[in-house]
Amino acid sequence: MMRTLQLTFPLPSPGGEGPPCGVLAIGDFDGIHLGHQEVIGRAVERGRELALPAAIMTFHPHPRQVLGMDKYTRLLTPLPAKEKRLRELGVDTLCVVDFSKSFMCVTPEQFVEEMLIPLGVNTVFVGFDFTFGHRGAGTPDTLCELAAGRFAVEVVRPFHMDGQKVSSTLVREALLAGRVRQAAHLLGRPYHVTGTVVHGDGRGHSIGFPTANVEVREPYVVPANGVYAVQVEVRGQKKAGVMNLGVKPTFGSDLQEPVLEAHLFDFDDSVYGEEVRVEFIEYIRAERRFESVGELIEQIGRDAREARSLLTEENSAEML
């Protein structure tokens, strides 16, 4: 079972219990996309070869958030989601470093001597564009020099797909444009958010399309407003559905934040208060205002039929 360590700089000198982080991959790993998985997979594999624990060092909050970039208050993988995914990838230890304004001033030398050496690392894996220390002064070459033979450093080359370097920025851009299939391509899995089903205004029932209103409490990046074909995991089972993500303009709402309303096909159980996981499979159309409720009902019917068709094709493709 993976353990999680909360770390604050500087670390105390290593004790006598042996190295807690034998093989360590360092990075923010927001999204854990295919490029991240390459770095993580190499670290896990080397750990198994050396019979040492495979560890990940990540930072919380997001370094760019601390630098004042407000868009990074929302994440592709908030910490609980990141922990779950790393556990699935076979990581033994997750080291979560408190990224504070004081930590931003740590020099590359201090990072190595007062963070990596106390962790007892045998091998460190980083991406080709890894930087560390004050103002990003440290590079993979710097890390090799500062290691001074005390630990090995392996640099993982960029991961390209369709002629582009896979990155968290590219995933974010795809989601914010509604291109959830492209995001899934980069992540190696459908993008998802988790949330709790809460009571809504009851309009779905009144128009013949009951919905599960999903309140997302973790700071996820939310895709562009619109209608999506989705898979919703509820009570351990995946249910196909169609979701409207937006501010419900037909009803003249004054919502500031988008609401997630999922109509699940062939499912009418009450799931209020339960946690669900919403996977975004395909974008169907933009959210828009309708002149009448009747017009909206007709459009929802067309959306539901399209979503069923898309999800049937998706499931058939996965079975091949």
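This is a short walk through one predicted protein model, from its overall layout to a few local details.

I will start with the overall layout. The protein has 320 residues, and 49% of them are buried. Its secondary structure comes to nine helices and 14 strands. The C-alpha trace spans about 70 × 45 × 40 Å along its principal axes. Take the contacts between residues at least 6 apart in sequence: 76% of those join residues at least 24 apart.

Next, the interior. In soluble globular proteins, nonpolar side chains tend to be buried together. In this model the largest nonpolar core holds 36 residues. Which of them touch the most other members? They are Leu175, Tyr191, Met243, Val278 and Phe280. Several elements each supply at least two residues of this core, among them helix H6 (168–176), helix H7 (180–187) and strand S9 (191–198). Strand S12 (237–246) and strand S14 (275–285) are also on that list. There is a second, separate core of 29 residues, including Cys21, Phe111, Leu119 and Phe130.

Setting aside neighbours within four places in sequence, leucine 175 is in contact with Leu76, Val180, Ala183, Tyr191, Val221, Pro223 and Ala224.

Now please find helix H5, residues 140–147. The buried residues there are Pro140, Thr142, Leu143, Leu146 and Ala147. They lie on the same side of H5, because they cover an arc of only 155° around the axis. Asp141 and Glu145, on the other side of H5, are exposed. What covers the buried residues? The cover includes helix H4 (108–116), strand S5 (123–127) and strand S6 (152–156).

Just after H5 comes alanine 148, in the loop between H5 and S6. Most residues other than glycine have a negative phi, and most peptide bonds are trans. Phenylalanine 29 also has a positive phi, near 60°. That residue sits in the loop between S2 and helix H1 (34–50). Are these two residues buried or exposed? Phenylalanine 29 is buried, with a relative accessible area of 5%, whereas alanine 148 counts as exposed, at 57% relative accessibility.

On to the peptide bonds. A cis bond joins phenylalanine 9 and proline 10, with omega at about -5°. Proline 10 is in the loop between strand S1 (3–7) and strand S2 (23–26). Another cis bond, with omega at about 0°, joins histidine 60 and proline 61. Proline 61 belongs to the loop between strand S3 (54–60) and helix H2 (63–66).

The last stop is glutamate 287, in the loop between S14 and helix H9 (293–319). Glutamate 287 is buried yet has no salt bridge. How far away is the nearest side chain of opposite charge? That side chain is arginine 285, and it is 7.4 Å away. A salt bridge would need a side-chain nitrogen within 4 Å of a carboxyl oxygen. What does the side chain of glutamate 287 reach instead? It makes a polar contact with the side chain of asparagine 244, at 3.3 Å. It also reaches the backbone nitrogen of valine 247, at 3.1 Å.

That is the end of the tour.

Key: Residues numbered from 1 in each chain as written. Predicted model: local features only at pLDDT ≥ 70, side-chain atom pairs only at ≥ 80, totals over all residues. Heavy atoms only, no water. Core = buried A, V, L, I, M, F, W, Y, C linked by side-chain atoms within 4.5 Å. Buried < 20%, exposed > 50% of the residue type's maximum accessible area, 1.4 Å probe, protein only. Helix = DSSP H or I, 4+ residues; strand = E, 2+ residues; numbered from the N terminus. Contact = heavy atoms within 4.5 Å. Arc of directions from axis to C-beta. Lys, Arg positive; Asp, Glu negative; His and termini not counted. Polar contact = N/O pair within 3.5 Å; in protein donor to acceptor, adjacent residues only side chain to side chain.
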